[in-house]
Amino acid sequence: MDLKPIRNRLVQVGLEAFLITHLVNVRYLSGFTGSFAALLISSQEALFITDPRYEEQSSQEVSPIFSRVILGPGQKLAQIVDKYGWRSLAVEDTLTLAQYDRLKEALDGVRLVTWSGVVEGLRRRKSTEEVDKIKRAVELAQEAYRTVKGEIQPGRAERDVALDMEFAMRRMGAQGGAFDFVVASGYRSALPHGSASFKEIREGDLVVLDFGARWEGYHSDMTRTLKMGKWGGWEREIYSLVLEAQKAALAAVKVGMEARDLDTLARGIIEKGGYGEFFGHGLGHGVGLEVHEAPYLSLSSQDVLEEGMVFTLEPGIYLSGRGGVRIEDMVYLGPQGAEVLTDLEKEG
Ligand code: ZN
Ligand code: ZN
């Protein structure tokens, strides 16, 4: 992993070292998958810090560009900073207030500056190795859906369907589900994040299924909406609009585009159909080591779509008390242009 962008930034703003504590970022830069570690990066040093529980694991996982430091009993991170004599430190804004206060107290006289989204910024553009892992996570989720789809029927509880899907993907080798799956049927399909409940799926229900798998730390995220039985007029109408909005976004997406313009394009179609107020979330988000990460595709986004990005396009319409529709696919902006990573069949 190239630490140059981080080192350049330190020099630019006149800070001596960057303390990275957000574990996903630690993993991204060092390769370490355990649950306790931090990195300290200066223009000269690249330190990986953990405790004795992870001595063995870190020796296998951590990239050789880092010197490993195993904290002894009672030894604190602050002592390492002290040892190197750093007097100014960038810290990540994902520290809790309590962690920040403790650090501040332990590093008496050291200037602390909060950095926001620095490693996340590097994570926005995926390497081909990362894209391969995401593709595997997509495959696992799609196979699980195809295995279980025939069993998504009236009489079954939402959570049983979610369990079946998670079991199927794990059996095929996934590390697990990417998040708590949404299986939202009937009136519950109007809840954009209606995690699977004990509700029974009934004849006539719309069923929104939002799911994904995890593979080597990377995630997939996709949504399909099914109908139990014959489609009603209003259901057909909102489904067609959502599908049209998504198709328009898929056709328009390209490198160099403002993320919010893509949101505006898709949203415009739903607005024109008269359902603008019922599409209450952004069009999509980046997917990688976290299920939701940069870039963000929404009206307030400042992100520009760049080569290497992987993100979702997921318009939806949610009618409270009646039901909802969402369709979500994943896109990779590769050297050959936009590639849709998901290919699960859609209704209509
Ligand atoms: Zn999703
Ligand atoms: Zn999503």
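Is Asp221 buried or exposed, and what is its relative accessible area?

A: Asp221 is buried, with a relative accessible area of 2%. Buried means under 20% relative accessible area, exposed means over 50%, and partly exposed is in between (1.4 Å probe, protein chains only).

Some ground rules come next. This is a predicted model, where local features need pLDDT of at least 70 and side-chain atom pairs count only at pLDDT 80 or more, while totals for chains, interfaces and linings use all residues. Residues are numbered from 1 along each chain as its sequence is written, chains are lettered from A and ligands numbered from 1 in the order in which they are written, and side-chain values use heavy atoms, with hydrogens and water left out.

Now back to Asp221. This residue bridges two zinc ions, ligand 2 and ligand 1, which lie 3.1 Å apart. Take the zinc ion (ligand 1) to begin with. Its coordinating atoms are Asp210 (OD), Asp210 (OD), Asp221 (OD) and Glu328 (OE), at 2.0 to 2.4 Å. Donors are N, O and S atoms within 2.8 Å of the metal (3.2 Å for Na, K and Ca); water is not among the atoms, so sites may look incomplete. Along the sequence, the donor residues of this ion follow the spacing D-x10-D-x106-E. The four donor atoms subtend angles of 57 to 146 degrees, so the arrangement is irregular. Four donors count as tetrahedral if all angles lie between 85 and 135 degrees; four count as square planar and six as octahedral if opposite donors are over 155 degrees apart and all others between 65 and 115; anything else is irregular.

Where do two of these donors sit? Asp210 is in strand E9 (residues 206-211), and Asp221 is in the loop between strand E11 (218-219) and strand E12 (222-227), so the pair ties together parts that are eleven residues apart in sequence. Helices (H or I, at least four residues) and strands (E, at least two) are DSSP runs, numbered from the N terminus. Asp210 is buried too, at 5% relative accessible area.

Glu314 and Glu328 link distant parts of the chain. Glu314 is in the loop between strand E15 (310-313) and strand E16 (316-319). Glu328 is in the loop between strand E17 (323-326) and strand E18 (329-334), and the two are 14 residues apart. Both glutamates are buried.

Glu216 lies in the loop between strand E10 (213-215) and E11. Its phi is near 45 degrees, a positive value in a residue other than glycine. At 37% relative accessibility, Glu216 counts as partly exposed.

The largest nonpolar core has 56 residues. Such a core is a set of buried Ala, Val, Leu, Ile, Met, Phe, Trp, Tyr and Cys residues joined through side-chain atoms within 4.5 Å. Phe211 and Leu209 are among the residues with the most contacts inside it. Helix H7 (residues 128-148) gives the largest share, eight residues. Domain 1 (4-123) and domain 2 (128-340) both contribute, so this core lies between them. Those domain bounds come from an automatic or database domain assignment. The C-alpha centres of the two domains are 35 Å apart.

The structure holds nine aromatic pairs. Rings of Phe, Tyr and Trp (its six-membered ring) pair if their centres lie within 6.5 Å; planes under 30 degrees apart count as stacked, over 60 as edge-to-face and the rest as tilted. Trp231 and Tyr239 are edge-to-face, at 5.0 Å centre to centre and 70 degrees between the planes. Both are buried. Phe211 belongs to a cluster that ring pairs form with Tyr145, Phe179 and Phe181.

A cis peptide bond joins Ala294 and Pro295, with omega about 0 degrees. Pro295 is found in strand E14 (residues 293-297).
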